[in-house]
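Please open the structure in a viewer and keep the selection panel at hand.

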Amino acid sequence: MASSTSFFLIILFATSLQLLESKQFSVSFPINRVSVPTTHRRLSAIGAAEKITASAAATANSPSFDYNYHNAFKYSMALIVSLPIGTPSQTQKMVLDTGSQLSWIQCHGTQRSEFDPSLSSSFSVLPCNHPICKPQIPDFTLPTTCDQNSLCHYSYFYADGTLEEGNLVREKFTFSPSRVTPPLILGCATESAESQGILGMNLGRLSFASQAKVPRFSYCVPSKHNAGENPSGTFFLGQNPNSGGFRYINMLSFPESLRKPNFDPLAYTIGLAGIRIGGKKLNISAAAFRPDAGGSGQTMIDSGTQYTFLVDAAYSKVREEVVRLASANLKKDYVYGGSLDMCFDGNPSEIGAKIGEIAFEFDNGVEILIEKERNLDDVGGGVHCIGIGRSESLGVTSNIIGNFQQQNLWVEFDLTNRRVGFGPANCNT
């Protein structure tokens, strides 16, 4: 997502079989800084900012069509959508990820849930001489290579040293008999321990949103509070009938000089203006929420990162206020997943009441309000943590608004008008 020397990684899955058995979370950060102490991973899009732009969609000459598609998704630590791929269609589970570019599916062909290319008449592979497979186009973690069958092979390396790889292919998404995308470039994973694929939805030229020319998309993340395990939310491609009540923020654009080494030009960047806790506006410098000369301080909305992460100048003020309000219950010297250190023992309702509502204030008077009942997450063992972490502890130099803070909220990405919209909702219905 950033430059060829600084790319973003999103943690989605466990770094060992042992960790797969524990509840952890997903995080995004540039991995050229530090090794990753977290336990779930996902790769976000990468590449040179000068070469990767939303306007350079791989299907630039194909006609767009009127999207009118919505479906439910399951919400655990990620937003897991089920989409129809191929001809005839095969339903594939994919993590809806506004922080990733390349979409990929499981193509092992060994399990019923995986995509079987032999059953699709619209499936095709990319040969080595395809322009996307040129090493001088650094769209991936490593340059793409030719495999032994002269096919375009890609490799994604994660910070823990594990690998997800496969071949680049073309395939259609078949939403209905009359609504079928052109063949889109996807990853067909042959070596991966993940149980779902990725639906890359950022501004990169290879994202699903760019290739399929999606004018807008939106989702409503259900509340996990008293909702049981893996509640269902709603996902729209195209017009959302609820959008009349949304309030919008324009996406921010910055000059080329800010795109290295820490700025991600493919993210949905918006203007964070301040933070309130319990009605009190925190004394945080506005500079903490805007990119500096090196790109640090960018604020982005990311559906693929579970919690919110703030740069130190903002996080230290948040933690100071939370500790002041609820220090008696603070679990000292405890850090969940290597990142969350505002964790508590005791009754979460009582602790939440002490802390009060947490609000993220954006440009144009728009805000995301997290009610006192929802600002703590149950991380197991009777421990509850504020779903906000320190970016620097992960090597991140950005502010990332994660999906935990997007619960009970419509979030719309209007690509046509380059804006992001929010609308409060009961997403569990």
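Begin by selecting helix H2, which has 15 residues and reaches 20 Å from its first C-alpha to its last, close to the 21 Å expected at 1.5 Å a residue. The expected span is 1.5 Å times one less than the number of residues. Helices (H or I, at least four residues) and strands (E, at least two) are DSSP runs, numbered from the N terminus.

The model is predicted: local features need pLDDT of at least 70, side-chain atom pairs count only at pLDDT 80 or more, and totals for chains, interfaces and linings use all residues. Residues are numbered from 1 along each chain as its sequence is written, and side-chain values use heavy atoms, with hydrogens and water left out.

**Stop 1**

Within H2, select Ala 314, Tyr 315, Val 318, Glu 321, Val 322 and Ala 326, which are buried. They lie on the same side of H2 because they cover an arc of only 135° around the axis; the arc is that of the directions from the helix axis to the C-beta atoms. On the other side of H2, Glu 320 and Arg 324 are exposed. Buried means under 20% relative accessible area, exposed over 50%, and partly exposed in between (1.4 Å probe, protein chains only).

**Stop 2: the nonpolar cores**

Next, select Phe 173, Leu 199, Phe 208, Leu 237, Phe 344, Phe 360 and Phe 422, the residues with the most contacts inside the largest nonpolar core, which has 85 residues. The largest share of this core, five residues, comes from helix H2 (residues 312-326). Apart from it lies another core, of 15 residues, among them Val 95, Cys 133, Ile 185 and Ala 189. A nonpolar core is a set of buried Ala, Val, Leu, Ile, Met, Phe, Trp, Tyr and Cys residues joined through side-chain atoms within 4.5 Å.

Centre the view on Phe 208: setting aside residues up to four places away in sequence, its contacts (heavy atoms within 4.5 Å) include Phe 173, Phe 175, Leu 199 and Leu 237.

**Stop 3: Thr 98**

Move to the loop between strand E6 (90-97) and strand E7 (104-106), where Thr 98 is placed. Is Thr 98 buried or exposed? Thr 98 is buried, with a relative accessible area of 1%. Its side chain reaches the backbone oxygen of Ile 301 at 3.4 Å and the backbone nitrogen of Ser 303 at 2.9 Å.

**Stop 4: Gln 407**

Now select Gln 407, in the loop between strand E29 (399-401) and strand E30 (409-414). Gln 407 is buried, with a relative accessible area of 3%. Its side chain reaches the backbone nitrogen of Lys 224 at 2.8 Å, and a polar atom of that side chain lies 3.0 Å from the backbone oxygen of Phe 404.

**Stop 5: Asn 250**

Finally, select Asn 250 in strand E18 (residues 247-250). At 47% relative accessibility, Asn 250 counts as partly exposed. Asn 250 and Arg 418 are 168 residues apart in sequence and 6.1 Å apart in space, C-alpha to C-alpha.

**The whole chain**

Zoom out to view the chain, with its three helices and 31 strands. Buried residues make up 58% of the 429 residues.

Definitions and conventions:
A polar contact is a pair of N or O atoms within 3.5 Å; within protein, one must be able to donate a hydrogen and the other to accept it, and residues adjacent in sequence count only if both atoms are side-chain atoms.
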